[in-house]
Amino acid sequence: MIKTDWSSWDHLQWRRRLETFGSDDSPVIAAGPSGEVDGVCNLGELTDKGRETTLALGERLRHLYVDQLGFMPKFISDADMIYLRATPMPRALESVQESFWGMYPLTARTASFPPPTILTRTPADETLYPNESSCRRFSQLSRAFAQRTADRWNESKEMQYLSSLISRWMPEQEDGSQNVAVDSHPRLSGIMDTVNSTLAHGPETRLPQNFYDTKGRDIIDKIGVEE
């Protein structure tokens, strides 16, 4: 039956799966480490572990600002009394959802509490992350800091130590080497993100053990912060 009454809306129940290229470039369904095809994350989305930790963050915020400090009310009935903001990144919106649920679960909201409003901006107006694409001067400064960090560290003993650990897994660079560098491909900051994200999950996502060398991680963190 075709719907003709538009005064009310219902919800379409649907299931998403991700498609990728197979070994012969034919389309195949993306699967997780155990062969699961449902609930697989796309780039920029929270994993189940990410949802767990952001929910725990909301619970921690409630314990601090509601239970300990009394800055926020124990129960809320007005959605306009709290400002929720996310960037256009899917993981940011999901983080806000989970954090809010942890801070104000159903038991801390009145029965008449309306759906909360989460505010977002267009990418051009975004200020919650370094917006290099919309601010020319910021983009210049970002590139300058990255280049200064590369000039300072690429030939250092610390970077040589990192290369001795993980260069065998690096793709060939433009100069023909497989050395790690601030501006290598992948960049050192990208390696840091991958190491940290795999540390948060189970053994199915782990890289070779050399990536988790304590001294190496300290070096990566120091250089990444400087950049």
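Helices here are DSSP runs of H or I with at least four residues, strands are runs of E with at least two, and both are numbered from the N terminus. Keep in mind that this is a predicted model, where local features need pLDDT of at least 70, side-chain atom pairs count only at pLDDT 80 or more, and totals for chains, interfaces and linings use all residues. Residue numbers start from 1 along each chain as its sequence is written, and side-chain values use heavy atoms, with hydrogens and water left out.

**Stop 1: a glycine in a helix**

Select glycine 216, which sits in helix α6. Is it buried or exposed? Glycine 216 counts as buried, at 3% relative accessibility; buried means under 20% relative accessible area, exposed over 50%, and partly exposed in between, using a 1.4 Å probe and protein chains only. Leaving aside neighbours within four places in sequence, glycine 216 is in contact (heavy atoms within 4.5 Å) with Tyr161, Leu162 and Leu165.

**Stop 2: α4 against α6**

Show α4 (157-166) together with α6 (residues 214-226). The axes of α4 and α6 come within 10 Å and cross at roughly 130°. Axes are lines fitted to C-alpha atoms, for helices over the stretch in contact, and angles run from 0 to 180 degrees between N-to-C directions. The pair α4 and α6 is therefore oblique; under 35 degrees counts as roughly parallel, over 145 as roughly antiparallel, 65 to 115 as roughly perpendicular, and the rest as oblique.

Which residues of α4 and α6 meet? From α4, pick Glu158, Met159, Tyr161, Leu162 and Leu165; from α6, pick Lys215, Gly216, Ile219, Ile220 and Ile223. By class, this contact of α4 with α6 has 7 nonpolar, 1 polar and 2 charged residues. Here Ala, Val, Leu, Ile, Met, Phe, Trp, Tyr, Cys and Pro count as nonpolar, Asp, Glu, Lys and Arg as charged, and the others, Gly among them, as polar.

**Stop 3: α5 against α6**

Keep α6 and bring in α5 (residues 188-199): their axes come within 10 Å and cross at roughly 125°. That makes α5 and α6 oblique to each other. On the α5 side, highlight Leu188, Ile191, Met192, Val195, Asn196 and Leu199, which meet Arg217, Ile220, Asp221, Ile223 and Gly224 in α6. By class, the contact of α5 with α6 has 7 nonpolar, 2 polar and 2 charged residues.

**Stop 4: two backbone spots**

Go to proline 186, in the loop between α4 and α5. A cis peptide bond joins histidine 185 to proline 186, with omega about 0°. Then jump to aspartate 25, in the loop between β1 (19-21) and β2 (27-29). Phi of aspartate 25 is near 70°, a positive value in a residue other than glycine. For background, most residues other than glycine have a negative phi, and most peptide bonds are trans. Aspartate 25 is exposed, with a relative accessible area of 59%.

**Stop 5: another aspartate, and the cysteines**

Aspartate 67 is in helix α1 (residues 48-68). Aspartate 67 is partly exposed, at 44% relative accessible area, and, neighbours within four places aside, is in contact with Arg62 and Lys74.

Finally, select cysteine 41, partly exposed at 31% relative accessible area, and cysteine 135, partly exposed at 35%. How many disulfides are there? The count comes to 0, where a disulfide is a pair of cysteine sulfur atoms within 2.5 Å.
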